[in-house]
Amino acid sequence: MPIATIAPEVHPNLQKFLSKKIHPMLIGGRWVESASGKTFKTFNPATGEVLGVISEAGAQDVELAVSAAQKALNGSWSKISPAEREKILNKIADLVESHSEELAQLETLNNGKTIRESKNGDLPLAIGLLRYFAGWPTKIHGETIPVSVPYYPGAKFLHYTVREPIGVVAAIIPWNFPLLMAVERLAPALACGNAVILKPAEQTPLSALRLGELLLEAGLPEGVVNIIPGFGPSAGAALAAHSGVDKVTFTGSTEVGREVIKASAGNLKRVTLELGGKSPNIVFADADLEAAAKGMFMGVFYNQGQCCSAGSRIFVERSKFDELVGILSERAKTVRQGPGLDPKTQMGPLVSEEQRQRVLSYIDSGKKEGAKLLAGGEAVSGAGYFVRPTVFSEIKDTMKIAQEEIFGPVAAVMPFDSVEEVLSRANDSAYGLVAGVWTKDVKKAHQMAQNIKAGTVWINCYHFVDAAAPWGGFKQSGYGREKSQYAIESYTQLKSVWVDLN
Ligand code: NAI
Ligand code: MG
C-alpha cells in the first residue's frame, strides 16, 4: 500500500503512528479490526496520497460498541466518583497538551488545514474544552424544591432533584475540525458520567484514533469511550437507529441531521444537532475598516471556508463597498496556497476531492447565474484538492450562491443602504447559526444583536469561541447547545425525588 511520503520534520511519535499497516478501532478498551474485516483509505488532501488504512465499522461493530458502552455504564464507570472523573479529564487534557505538536501535525496531514490553525486554534481549543469540563463533575448537582400538595393540606415532603447521565451517547462528527469536534462531545459527556461511541468522519479518522490511545493512557476505564470510524449510511445510520443508544449528538449537513431525527424516533433518543449555516457578516461604513477587512477575510476563508460558521454572505454599506471589497479580493488573489505542514502556507487544500467538486459546482452556478467574479473561481492544477479563494459580487439574494451553504472558500459580497434593509436580508435565510456586525456605534451594534436570528452574534470580531460560551443554531442550523453549562444540561437528565415526611 503506497503511504504518503512523511516529511522528515514530522514528529517521531506521529511517524510511528502513521506507519501502522491498519488502524484498528477502539471497542471495550481494546484495539480491534472490524468484524467484517473491511477497511477504507484515508488521504492527505494536500497531495492526494494515502495516509492510512482504517478498519471500517459496520452494523456488527456498532453492536459491539453499544454493548461495551452499556457494560461500562453498568460497571466500573458508574462507581467512579465525580472527583475521580475530574482527575481523569484533567489527565486527558495534560496528555493532549503534551502531545499537541504531533496532534496538530496529524490534524493538518489528514484534514489539510494549515499547521498555524491546527496549533493555534484546534489544539488549544480542544485542551480548553477538556479543562473547562474537567471542572464540572463535582459541580453537577440538583436542588431542593419547596413543594405543596393541595389535596393533602399541611403535609410535609422533601423534594429534591438529581442530575443523572443520559447513558450511551453516540457522537457523529464531521471532518472540518476532527479532533476539536471529538473533544467537544467527549469532554461534557464524560464529565456527566455518560459512555460514548464516537464515529469520526470517514475523511478524517486519524486524530480521533490517536486521541483514543491517549484516553487509555489517562486511565479511562474500558468501554467508556469507543471509537469506530466508518461511513455515514452504514456505521452512522446504525448508531442513530440503535435502541441501545440514548442520545445522539450530530454535527454535519442539514440533510443528514433530518435523517438522524427520523432514526431517533424508534426509542425517542435525545438529539442535539449542529448543522449548516449561510451566515451574514455585516460591515457598516462607521466600522474600524481595517479590522473589518480582516474579519471579512478570516470570517469566510478560515479553514478554507469549511466552517459551519463561515461568514459567507458579506454585506458592506454602500459607501465603503468598493474599498472593502477591493481589499478582500486583492488578499484573496495573493494568498499563498500549499501543503498545511509548510509554515509559509496561508491556505491549505479542501478536505477531499468530493468536497472540491461540490465547491466547484457552486462556483460554476455563480458564474452561470450572472454573479461577477472578482477573484479565484477555479481549482488549482496539480496534486491536492486546492480551490482558489473566490469572491463574487453582483449577487442577487435569490442566487444559489447567496442561499446555500458552500462549505468552501467562496465569498458572496453585497452592498446595502440601511439597517432595516440589511437586517431583513441577513435574516432571509433558512439558517441561523452566527452573524458578524462591524460598527463603532454601540446602539446600532446592540440593535443588530437583538434582531438578528442567529445562535451567536459577534460584534467587531468573528469566529471567536470558548468552552464557556454556548454554541448552537437558530432555525435550520440545528437545536440544542454544545459547550458551556448548557452542554451539562443536555448530557444529563433530571430526576425528581419525593420523600413523605408525615
Ligand atoms: P455529512 O452530514 O454527510 O457527514 C457528517 C457526518 O455524518 C459524518 O461523520 C458522516 O459519516 C455522518 N453521516 C453521513 N450520513 C449519515 C447518516 N445517514 N446517518 C448517520 N450519520 C451519517 O456531511 P458531508 O457529506 O461530509 O458534507 C456535506 C455538506 O454538509 C458540506 O458541504 C457542508 O455543507 C455540510 N457540513 C456541515 C458541517 C458543519 O460543521 N455544520 C460539517 C460537515 C459538513
Ligand atoms: Mg454526506
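1. Basis of the note. The model is predicted, so local features are taken only at pLDDT of at least 70 and side-chain atom pairs only at pLDDT 80 or more, while totals for chains, interfaces and linings use all residues. Residues are numbered from 1 along each chain as its sequence is written, chains are lettered from A and ligands numbered from 1 in the order in which they are written, and side-chain values use heavy atoms, with hydrogens and water left out.

2. Domains. The protein chain is divided into domain 1, made of 12–275 + 478–496, and domain 2, which covers 280–466; these bounds come from an automatic or database domain assignment. Their C-alpha centres lie 31 Å apart, and the contact (heavy atoms within 4.5 Å) takes 28 residues from domain 1 and 30 residues from domain 2.

3. The interface between the domains. The buried area (the accessible area, with a 1.4 Å probe, that two parts lose on being put together, summed over both) is about 2,200 Å² between domain 1 and domain 2, with carbon and sulfur atoms giving 61% of it.

4. Helices α5 (100–111) and α6 (115–134) each supply at least two residues of the side of domain 1 that touches domain 2; helices (H or I, at least four residues) and strands (E, at least two) are DSSP runs, numbered from the N terminus. By class, that side has nine nonpolar, 13 polar and six charged residues, where Ala, Val, Leu, Ile, Met, Phe, Trp, Tyr, Cys and Pro count as nonpolar, Asp, Glu, Lys and Arg as charged, and the others, Gly among them, as polar.

5. Salt bridges. Side chains of opposite charge can pair when their charged atoms come close. The count for the model comes to 25 salt bridges, and one of them joins E97 and R131, with the closest N and O atoms 2.7 Å apart. This pair links distant parts of the chain, 34 residues apart, with E97 in helix α4 (residues 82–98) and R131 in helix α6. E97 is partly exposed at a relative accessible area of 41%, and R131 is partly exposed at 31%, on a scale where buried means under 20% relative accessible area, exposed over 50% and partly exposed in between (1.4 Å probe, protein chains only).

6. Two further salt bridges. The side chains of E482 and R185 meet at 3.8 Å, N to O; because E482 lies in the loop between β20 (478–479) and α17 (484–490) and R185 in helix α7 (residues 178–191), the pair ties together parts that are 297 residues apart in sequence. Both E482 and R185 are buried. E259 and K262 form a salt bridge with their closest N and O atoms 3.5 Å apart, and they are separated by about one helical turn because they are three residues apart in helix α10 (residues 254–264). E259 is partly exposed, with a relative accessible area of 45%, whereas K262 is exposed, at 58%.

7. T439 and its surroundings. T439 is found in the loop between β17 (434–438) and α16 (442–451) and is buried, with a relative accessible area of 2%. A polar contact of 2.7 Å joins its side chain to that of D286, and, not counting residues up to four places away in sequence, T439 touches F284, D286, A287, K444, A445 and N460.

8. Positive phi values. Most residues other than glycine have a negative phi. N460, although not a glycine, has a positive phi of about 55°; N460 is placed in the loop between β18 (456–459) and β19 (474–475) and is partly exposed, at 38% relative accessible area. N303, also other than glycine, has a positive phi near 60°, and this residue lies in the loop between α11 (289–301) and β12 (313–317), where N303 is buried with a relative accessible area of 0%.

Definitions and conventions: A polar contact is a pair of N or O atoms within 3.5 Å; within protein, one must be able to donate a hydrogen and the other to accept it, and residues adjacent in sequence count only if both atoms are side-chain atoms. A salt bridge is a side-chain nitrogen of Lys or Arg within 4 Å of a carboxyl oxygen of Asp or Glu.
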